[in-house]
Amino acid sequence: FSPQVDSAHAGRVLASDAAVFLKKSGLTDLVLGKIWDLADTDGKGILSKQEFFVALRLVACAQNGLDVSLSSLNLPVPPPRFTDTSSPLLLSGTASSDVPWAVKLEDKAKYDAIFDSLNPVNGLLSGDKVKPVLLNSKLPVDILGRVWELSDIDRDGMLDRDEFAVAMFLVYCALEKEPVPMSLPAALVPPSKRKPISVPGAMPLIPSSMSTKESHQSLPPVGILAAKTPLTQ
């Protein structure tokens, strides 16, 4: 039980302490809220040691693309990843800046060709230009919304060449029936977007000051996708 979260050494964690710690997982506020609700079984805003372990287990499930539900607790998943170097739960191993990019060179060439065919402006594609490509995959709208959210790494409402490659990679994974993760794995973060000083584990993709409401507002294409768009070729 880490001193970071059990500051009073009382064998329990307050909501405020847990929230700060769990945010380092890189998951969205929406997902973290669901995790808290499942872990805090008596709704008192305090987690016992056992409930805190349930929360950590659910974080690991979300980071590996599994449903955030109590039924996922028995599934085999790697330990949860946090961005704080003092965390005892960090995965040991290579820093994320040294992890090879998951997008292969030959695939990147294909994605670049699609990117160029969409007439990028100043090396960027707007959500309106990316939307038809995503819809053409015939994937469910909620999956496509998550693909956009994960691939717009710098949260500017546009995709550059590398971000577009991430979006295409995730779409093809989903078409192969692989789950789209809830947070972007370190191996999928383009080298151009990696922080110079990196820590093992997941990248901090969600600014801690961003509320759930703001994060939805910063993703215009998700709202567009949610509209009933005819999926004609």
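In which helix does G127 lie? G127 is part of helix α5. This is a predicted model, in which local features need pLDDT of at least 70, side-chain atom pairs count only at pLDDT 80 or more, and totals for chains, interfaces and linings use all residues. Residues are numbered from 1 along each chain as its sequence is written, and side-chain values use heavy atoms, with hydrogens and water left out. The protein has nine helices and four strands; these are DSSP runs numbered from the N terminus, with helices being H or I of at least four residues and strands being E of at least two.

**Overall make-up**

- Read from the N terminus, the order of elements is β-α-α-β-α-α-β-α-α-β-α-α-α.
- Of the 233 residues in the protein, 45% are buried. Buried means under 20% relative accessible area, exposed means over 50%, and partly exposed lies in between, for a 1.4 Å probe and protein chains only.
- Taking the contacts between residues at least 6 apart in sequence, 63% join residues at least 24 apart. A contact here means heavy atoms within 4.5 Å.

**Helix α7**

- Helix α7 has 15 residues and spans 21 Å from its first C-alpha to its last, close to the 21 Å expected at 1.5 Å a residue. The expected span is 1.5 Å times one less than the number of residues in the helix.
- Twelve of the 15 residues of α7 are buried, so this helix is largely enclosed by the rest of the structure.
- The buried residues of α7 are D162, E163, F164, A165, V166, A167, M168, F169, L170, V171, C173 and A174.
- The cover over these buried residues includes α4, β3 (124-126), α5 (127-135), α6 (141-151) and β4 (158-160).

**Packing of α4 and α7**

- Two packed helices are described by the angle between their axes and the distance between the axes. Axes are lines fitted to C-alpha atoms, for helices over the stretch in contact, and angles run from 0 to 180 degrees between N-to-C directions.
- The axes of α4 (residues 105-117) and α7 (residues 161-175) come within 9 Å and cross at roughly 115 degrees.
- Helices α4 and α7 are therefore roughly perpendicular to each other. Angles under 35 degrees count as roughly parallel, over 145 as roughly antiparallel, 65 to 115 as roughly perpendicular, and the rest as oblique.
- The crossing of α4 and α7 is right-handed. A crossing is right-handed if the near helix is turned clockwise from the far one by less than a right angle, and left-handed if anticlockwise.
- On the α4 side, K108, Y111, D112, I114, F115 and D116 take part, and they meet R161, D162, F164, A165, M168, F169 and Y172 of α7.
- This contact of α4 with α7 has eight nonpolar, no polar and five charged residues. Ala, Val, Leu, Ile, Met, Phe, Trp, Tyr, Cys and Pro count as nonpolar, Asp, Glu, Lys and Arg as charged, and the others, Gly among them, as polar.

**Packing of α6 and α7**

- Helix α6 is mostly covered, with eight of its eleven residues buried. They are I143, L144, G145, V147, W148, E149, L150 and S151.
- The axes of α6 and α7 are 9 Å apart, at an angle of about 150 degrees.
- Helices α6 and α7 are therefore roughly antiparallel to each other, and α6 passes α7 in a right-handed crossing.
- I143, V147, L150 and S151 of α6 make the contact with E163, V166, A167, L170, V171 and A174 of α7.
- By class, the residues of the contact between α6 and α7 are eight nonpolar, one polar and one charged.

**Single residues**

- G127 is buried, with a relative accessible area of 8%. G127 and L159 are 32 residues apart in sequence and 7.7 Å apart in space, C-alpha to C-alpha.
- S183 sits in the loop between α7 and α8 (212-217) and is buried, with a relative accessible area of 3%. Apart from neighbours within four places in sequence, S183 contacts G26, L27, A62, Q63, R81 and L150.
- A102 is in the loop between α3 (49-63) and α4 and is partly exposed, at 29% relative accessible area. Not counting residues up to four places away in sequence, A102 touches F169, A187 and L188.
- N122, in the loop between α4 and β3, is exposed, with a relative accessible area of 78%. N122 is not a glycine, yet its phi is positive, near 55 degrees.
- R155, in the loop between α6 and β4, is not a glycine either and has a positive phi of about 60 degrees.
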